[in-house]
Structures are given as structure tokens and as C-alpha cells.
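Have a look at the model first, then read on.

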Amino acid sequence: MKTFKRFSTLMLVAIMLICSVNTTAFAAETNAISDSSTVMEFEITPEMMSKNGEVAVATNVLADHIFNVTGIHTGGTRTYYGNAIQYHITITDTNGNPASNILSVQLYNSSHTQIREQQFWADGKTNVCRYDISYGSAYYFKYALAYGDMRTLMVHMIITIE
């Protein structure tokens, strides 16, 4: 019995020691795209290049992303220091071809109140939208498939602030 008490005390000390040590966990990345996943990449376009080959992004360009949407996706909340937000959006299938889908792009404030909604065909054409916003307020975009068969759509979105 004495040995069991010592062993259980030793196990309890070992468990407490393991639980008190700080560790860092890393998630494994996968290339598969499911209904809730997105792939976001920063794209450098030829218009962003200066004469000497360096990237020269205008200060009002906040994001230039290409990402995939299947079903519904909610973007991250950002604080915008400007009086208007403008975005250029191009939607296609994942191969860059026109598709017979409509994607709803919704702008929400940080209180989760929908400010605006626009619907765009996934036809590969670039659409431009501009909305007045409150200086220094936080907003986020939500993307939802509004029409067509469930498929993954590729979205190229450039957000600028005025």
C-alpha cells in the first residue's frame, strides 16, 4: 500500500509538471478546400510594380487578395481610417473561367449589422463598388453563394480606402 501511495503521488506530480509547462502547438496545413475553408494569397499585379522593379503599392490599397469561397465565408474584421471604402471584385470558377453562379458580397460593421449587399455574377468581369463609412470604424465582408450549383468560386478583391 505504501508503494501505491508513493507511485500515485509521483504520477500526480508528473501530471502537474506536464500541465504547467508552456508549449506551442502548430496546426497542420492541408491543400484540400472544404465548405468552410479558404485560401488567401497576396497578389502582386503589374500595375503595382515601379520602373525599377520594386513593389509600389498605393497607401490607400488595403488588400489585394485572391481567395476561394465554397458556400459561405466571413472575412476578418478591419478598422478603416477613411470616409469611404471601395472594392474591385472579379469572380470566376477556380480555373479562372466564367461560371453560372451569383455571389453575394455583404459589408457588416463590428456590431454585426449589415451595411450593404451587392450580388455579382461569376462571369470574370471586374465590378467596382463604393460605400461611405465612418472614419475609424471596424467592418468585415461576408461572402455567400446566392445562385447556382454549389461549387468553389475564386474571388479577386482589391480593397481601397478614400
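The notes below start with the ground rules and then go topic by topic.

This is a predicted model, in which local features need pLDDT of at least 70 and side-chain atom pairs count only at pLDDT 80 or more, while totals for chains, interfaces and linings use all residues. Residues are numbered from 1 along each chain as its sequence is written, and side-chain values use heavy atoms, with hydrogens and water left out.

**Aromatic pairs**

- Rings of Phe, Tyr and Trp (its six-membered ring) pair if their centres lie within 6.5 Å; planes under 30 degrees apart are stacked, over 60 edge-to-face, and the rest tilted.
- The count by this rule is eight aromatic pairs.
- Trp121 and Tyr147 make an edge-to-face pair, with 5.8 Å centre to centre and 75° between the planes.
- That pair links distant parts of the chain, since Trp121 lies in strand β7 (residues 114-121) and Tyr147 in strand β9 (residues 137-147), 26 residues apart; strands are DSSP runs (E, at least two residues), numbered from the N terminus.
- Trp121 is partly exposed at 45% relative accessible area, and Tyr147 is partly exposed too, at 48%; the cut-offs are under 20% for buried, over 50% for exposed and in between for partly exposed (1.4 Å probe, protein chains only).
- Phe141 and Tyr143 are stacked because their ring centres are 6.4 Å apart and their planes at 25°.

**Around Thr90**

- Thr90 sits in strand β5 (residues 84-93) and is buried, with a relative accessible area of 17%.
- The side chains of Thr90 and Thr126 are joined by a polar contact of 2.8 Å; such a contact is a pair of N or O atoms within 3.5 Å, where within protein one must be able to donate a hydrogen and the other to accept it, and residues adjacent in sequence count only if both atoms are side-chain atoms.
- Beyond its neighbours within four places in sequence, Thr90 is in contact (heavy atoms within 4.5 Å) with residues including Gly124, Lys125, Met154 and His156.

**The nonpolar core**

- A nonpolar core is a set of buried Ala, Val, Leu, Ile, Met, Phe, Trp, Tyr and Cys residues joined through side-chain atoms within 4.5 Å.
- The largest one has 25 residues, of which Ile85, Tyr87, Val105, Phe141 and Met157 touch the most other members.
- Strands that each supply at least two residues of this core include β2 (61-70), β6 (102-109) and β8 (126-132), while β10 gives the most, with five residues.

Methods
Helix = DSSP H or I, 4+ residues; strand = E, 2+ residues; numbered from the N terminus.
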